[in-house]
Amino acid sequence: MDPKVSIIVPVYNAEKGLERCVDSILGQDFQDLELLLADDGSTDRSGAICDAYAARDPRVKVIHKPNSGVSSTRNIAMDQAQGDYIQFLDADDWITPDATKLLVRGMEDNSCDMVIADFYRVVGTRVARKSDIDAEGAITREQYADLMMESPSDFYWGVVWNKLYKRSIINGHHVRMDPSISWCEDFIFNMEYVLHTSMIYPLHVPIYYYEKTKGSLATQGASIANTIRMKLNVIEYYKSFYQQIMDEEDYAARRPDIYRFYIDSASDGGVLPRPLSTKLGSERITAQLDPDMAENPLSREYLASKLLDRYLDIAGCAHDLDLTDVRVLLYLRDCGSAGTPREIAEYTDRTQGQVNRSLGRLRGKGYITVGKTRNSSDEEKEGARKTQAIEIAPECEPVLASLAQALADFDDARFAHLDQSERAEAEAAETLQYGALVESFSTAPERSASTALLVRASQDENA
């Protein structure tokens, strides 16, 4: 049976980072894939490393060929690919564990022809997120071209490794790399592909780590004459692309914007100094656990909480929300709209200051409305507990959908080793355990306000 995704990695003297790259692919949450390692005549250990992976994993296929450059190498790999979708990586980069899953989901859930994702730009030990599209949901080919016009030389648009393609479009229109050029060849491939698309989905989650280790065009042996020729060819193709996308009147009106590419210098969105970039390794939720530690309730709770945060953080990333914002929304979704910042803070394991700032951000984005009320109908009753009447606004529906997906992914991950009947039993056991914990707190002599909310929510469910 053919795989869903073909992942293509051109390899040339990449022994230093190749194993990190391949391990990130084979360790994907999404397993229905084939990996095509195309060895372009490497003179180091790269070819042997590729063969070793193929011997261990049947999903790995190795192509050994004489050196001819990255474009022809990718073309040969595309000719041999069998997947419905094609994904590219460079051999010295790597991807997040959920990368392929999120790309495929973005393609299929939005019925589109291409997915373009945010990525991480890595320089040394610093990492920064790169994103160019703010639109929610799929956009048309024309909208995509209009947005690209604002910064056409940005790596976000030009590279192939932050995108997912349909093999049917690539083969049906014979979209291939041009081996005769070594400047912006990815950009031309993307423009040619986009001409045959209808809808494109921007994935607002960074899934790729791009490390600046490549040489420039000048260091790749290109003569000045060849460099000028290649740039002129790319400029002409860029102009032709917009002539095909736009009608004559629109093209004439936007000509100054289109010509910006002629003088725009190539840019890859370098890592910015603190606080606009973070230390590599802190950009995603991770867990630290001593392997010699005996299994205990604390370690189980810690790992479960970290795993949940990992998926909640992905949901937040897609809507420019941090983990605190997402936890607060989850509280509001499931625990009702009446609660003090202290109660919300206890439930979400955050400080009151963090919760107040989060409520302000959510309100500013139009995701919630906030008012003041009292629990007692007697407004003058001494000691009446003031609460905030918080309502989730209709504009928050896309975020709630992402939250629901995150919780489903969380369950899929922790029950991955169980079959359907075993999972049902495990979920039933969790429900019983939850009821026992609620009962334990409800019979305790003292309870916090947030615990009372938890008990009320459980009693409402049982009713």
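## A pair of strands in the sheet

Met114 stands opposite Ile200 of strand S11. Ile200 in S11 is the bridge partner of Ile139.

Strands of a sheet pair through backbone hydrogen bonds, either parallel or antiparallel. Four of the five residues of S11 are buried, so S11 is largely enclosed by the rest of the structure. Buried means under 20% relative accessible area, exposed means over 50%, and partly exposed lies in between, using a 1.4 Å probe and protein chains only.

## About the model

The model is predicted, so local features need pLDDT of at least 70 and side-chain atom pairs count only at pLDDT 80 or more, while totals for chains, interfaces and linings use all residues. Residues are numbered from 1 along each chain as its sequence is written, and side-chain values use heavy atoms, with hydrogens and water left out.

## The chain as a whole

The chain holds 18 helices and 16 strands. Of its 463 residues, 45% are buried. The chain exposes about 23,200 Å², and carbon and sulfur atoms supply 51% of this area; accessible areas come from the Shrake-Rupley method with a 1.4 Å probe, and for residues only the protein chains shown count as cover.

A contact means heavy atoms within 4.5 Å. Among contacts in the chain with a separation of 6 or more, 75% are between residues 24 or more positions apart.

## The eight-stranded sheet

S6, S9 and S11 belong to an open sheet of eight strands, in the order S3-S2-S1-S4-S10-S6-S11-S9 and with mixed pairing. Its edge strands are S3 (60-65) and S9 (139-140), each of which pairs on one side only. Strand S2 (residues 33-40) pairs with S3 in the parallel sense over six bridges. Ala38 stands opposite Ile63 in S3.

Helix H1 (residues 18-26) packs on the sheet and touches strand S1 (5-11), S2 and S3, with its direction at about 160° to that of S2. Helix H8 (residues 185-194) also packs on the sheet, touching S4 (85-88), S6 (114-117), S10 (163-166) and S11 (199-203); the direction of H8 makes about 50° with that of S10. For these angles, axes are lines fitted to C-alpha atoms, for helices over the stretch in contact, and the angles run from 0 to 180 degrees between N-to-C directions.

Pro66 is placed in the loop between S3 and helix H3 (70-80). Pro66 counts as exposed, at 67% relative accessibility. Not counting residues up to four places away in sequence, Pro66 touches Asp40 and Gly41. Pro66 and Gly41 are 25 residues apart in sequence, yet 4.6 Å apart in space from C-alpha to C-alpha.

## Nonpolar cores

In soluble globular proteins, nonpolar side chains tend to be buried together. A nonpolar core is a set of buried Ala, Val, Leu, Ile, Met, Phe, Trp, Tyr and Cys residues joined through side-chain atoms within 4.5 Å. The largest core in this chain has 108 residues, and Val9 and Tyr144 have the most contacts inside it. Helix H13 (residues 323-335) gives the most to this core, with eight residues.

Leaving aside neighbours within four places in sequence, Tyr144 is in contact with residues including Met114, Ile139 and Ile200. Apart from this core lies another of five residues, among them Trp94 and Tyr120.

## Aromatic pairs

Rings of Phe, Tyr and Trp (its six-membered ring) pair if their centres lie within 6.5 Å; planes under 30 degrees apart count as stacked, over 60 as edge-to-face and the rest as tilted. By this rule there are twelve aromatic pairs. Phe119 and Trp161 form an edge-to-face pair, 4.9 Å centre to centre and with 90° between the planes. Phe119 lies in strand S7 (residues 119-123) and Trp161 in the loop between helix H6 (155-158) and S10, so the pair ties together parts that are 42 residues apart in sequence.

Trp161 is buried, with a relative accessible area of 3%. The rings of Trp161 and Tyr208 have centres 4.5 Å apart and planes at 10°, so this pair is stacked. Tyr208 lies in strand S12 (residues 208-211), 47 residues from Trp161.

Note on methods: Two strands pair if DSSP finds at least two bridges between them. Helices (H or I, at least four residues) and strands (E, at least two) are DSSP runs, numbered from the N terminus.
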